[in-house]
Each structure stands twice: as C-alpha cells, then as structure tokens.
Amino acid sequence: MSEDARWLAAAAALAARARPLSRPNPGVGAIVVKRGRVIARGWTQSGGRPHAEAVALAMAGEAAQGATLYVTLEPCAHKSERGPACADLASVSGLERVVVGCMDPDPRTSGAGIARVREAGIAAEFLPSAACARSLSGYLTSKRLGRPEVTLKLALSLDGCIALASGESQWITGADARAHTHAMRARADAILVGGGTLRADAPRLDVRLPGLEDRSPERWVLTRGPVPEGWHALPSPEAITEMHGVMHLFVEGGAGAATAFLAAGLVDRLLIYRAPILVGGRPALCDFGLSGLAQAHGRWRMTERRQLGSDTLEVYDARDPTES
C-alpha cells in the first residue's frame, strides 16, 4: 500500500466518528500531513457542519503551508448559509497537495471541487480508495440509487433458526454478540423490524452501550397499519426511497421483514451472528422467490469474519451485478 493510500485509509477510519451524527451530510474524514507527520485532523461535525476539511484546516492554521490534505470525499464546491465551500477553504490554505479518496456524486460538486483547488495552483488528485468508499457507503448508495444502504442482521443457531418453535428467542446469541449489535445500531440512522416482531416482542431498539445511549436510531416498522407513538411506518421495502435523510437502515427482522427485503433485492450487507447451538425451531427466512439454485450462487461475498465470545460474526456484501 502506498503512503497516500495509507493516509486515506486513516482518514476513512477517522470518518467513523461522524456517523450517524453528521446526518443529513455524509460522515467525512480529513487529515493534514506535513513531512510525514499528522498536524491536524477533522471529521464532519454533528448536524453536518462544519465539514471535515474545515475542522482540519482550522486546526492546522498557518502550519498547513506546504502540507498535504487527505480527505475521504471530494471537497464541496457549493456555498451554504452554514459555511463556505471546502474547495475554497483549501484553495487559500497554502496547501501543497490535496488527495481525495472518493469523488462526490452530488452534481453541485462532482469534479468541480478538485478543479477549483487545481485552479488555485494546488496539486489535487483523485486516488480511488476502497476504505474511503466503504466509509461513505450510505451516502454513495443514497446518491446513486436514491435509497438508504440496507444492512440486514440475523442472529441464528447453527441450524439457521431465530427462535424456538414456541417463539422464544431471548437469547440466541451471547452478550458479546449483543453488544456488537448495539454498536451497529449506534452507526445507523434508522432501525426496522417487522410488524410481527413489534407485536410479539415490543422491542426497544435503542442503544444500550455506556456513552452511546444518545445514538439510538429512528424506529421503523414494516407495516401498513397504525404504529405506536415514537415509531414510523414503512408500507413496503420499496418505500425506503421516501425515508427523508436516512442513509443507513439497519433491518433486525424477524423472518417476514428479512425475507421481504431480500425478495425486493434491497439488502446491501448481511451481518450473520451464528451461535453454537441447535434449536430445531423457527427458520430465519421464508421463501423469497428464487426459481433455482443458480440464482443463489455468486450473490454474496464474505468481507469479514470474527469471533464474539462463543458466537461467530460473518459479514457479507452483495456483489455488484456487473462484476464478472
């Protein structure tokens, strides 16, 4: 990995601090480096402003002279009532270089941010970064597909069940896996369950990790009927295109909601928490319309596997249908 790629990956890791508090803006990370040393850093602040570049450049001050700015997303080129364009800030900062990990698909900026920096005599380049793209996945999905990025979580026994035949499901997985689930909730804008799960379990769907209690996402339920106070109704999976400002949707089930999103082709990532138990109970999924096994092959690729106490987490990303 090149030095530039390493700094972009570091900026992407920094961007995680912004999610989901930066909503409605994407969580961006920025690092100012001079002579191989970090002199400033920043990430998008709560509510979307100030942007990561503005925070980092303000921290750097005059030390930005001759430095390199690494930023996960192309600096914005459009002005706002809430602050100047980041491309303009970079242009007058004295930077020597700007390295961008992802171009911005927003038509107000797309290509214009880098162009403005170059017009100021600063070397600016786009270095495609998988780490930056992953950190911006919700934003990129919303811009390109007009919907949130959807993560489906399944907590399963070894035989693929989510509950006993009686419906008892607390708890399939152990404390470590449940804590990890809460950390994933804290990174989502909204969390969704099916109507059956809401009626049977009355889940809180909040974040119960010390220091992260204020990160609890919006609560949604897949139903066409009335919902309790504090909940939002989603009439169908396809209606996620109408979820204003939501970039990351976390679907927790049960089997009906999980199957509905899979059948609609709207799941981008699977989080499978697998417990070392056999229960012979209720399956995690219903029939979602595959006409043959050939349709099932090649749809997912494992991107992560880790142990969480006695349980195992497997992360799968949906394959781009254009991939060979």
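Predicted model: local features only at pLDDT ≥ 70, side-chain atom pairs only at ≥ 80, totals over all residues.
The sulfur of Cys102 lies 5.6 Å from the closest cysteine sulfur, that of Cys132, and this is too far for a bond. The cut-off that decides the matter is 2.5 Å between the two sulfur atoms. Cys102 is also a buried residue, because its relative accessibility is 7%.

Cys286 gives a second case. Its closest cysteine sulfur belongs to Cys161, at 12 Å, again too far for a bond. Cys286 has a relative accessible area of 46% and is therefore partly exposed. A search of the whole structure accordingly returns zero disulfides. A disulfide is a covalent bond between the sulfur atoms of two cysteines.

Leaving aside residues up to four places away in sequence, Ser129 touches Leu8, Gly101 and Cys102. Ser129 sits in the loop between β5 (123–126) and α5 (130–135). Although placed in a loop, Ser129 counts as buried, because its relative accessibility is 13%.

The chain as a whole may now be considered. The protein chain contains nine helices and 15 strands. For 324 residues, a compact globule would have a radius of gyration near 20 Å, and the 22 Å of the protein chain agrees with this. Along the principal axes, the C-alpha atoms fill a box of roughly 70 × 40 × 40 Å. Buried residues account for 49% of the 324 residues. Of the contacts between residues at least 6 apart in sequence, 71% join residues at least 24 apart.

The protein chain carries 37 positive and 34 negative side chains, and the centres of the two sets lie 2 Å apart.

Within the fold, helix α7 (residues 175–185) contributes several buried residues: Ala177, His180, Thr181, His182, Met184 and Arg185. Their cover includes the strands β6 (149–156), β8 (190–194), β11 (248–253), β12 (269–274), β14 (300–308) and β15 (311–318).

Helix α6 (residues 137–145) holds Thr141, which is buried because its relative accessibility is 13%. Beyond residues up to four places away in sequence, Thr141 touches Gly146, Arg147, Pro148, Glu149 and Asp268. The C-alpha atoms of Thr141 and Met247 are separated by 7.7 Å, although the two residues are 106 residues apart along the chain.

The peptide bond from Arg23 to Pro24 is cis, with omega near 15 degrees, and Pro24 lies in the loop between α1 (3–15) and β1 (29–34). Another cis peptide bond joins Arg49 and Pro50, where omega is about -10 degrees; Pro50 belongs to the loop between β2 (37–43) and α2 (52–60).

Arg35, in the loop between β1 and β2, has a phi of about 55 degrees. Leu205, in the loop between α8 (195–201) and β9 (218–222), likewise has a phi of about 55 degrees. Which of these positions is buried and which is exposed? Arg35 counts as exposed, because its relative accessibility is 79%, whereas Leu205 is buried, with a relative accessible area of 3%.

Technical notes: Residues numbered from 1 in each chain as written. Heavy atoms only, no water. Helix = DSSP H or I, 4+ residues; strand = E, 2+ residues; numbered from the N terminus. Rg over C-alpha atoms; globule rule 2.2 N^0.38 Å. Buried < 20%, exposed > 50% of the residue type's maximum accessible area, 1.4 Å probe, protein only. Contact = heavy atoms within 4.5 Å. Lys, Arg positive; Asp, Glu negative; His and termini not counted. Charge placed at Lys NZ, Arg CZ, Asp CG, Glu CD.
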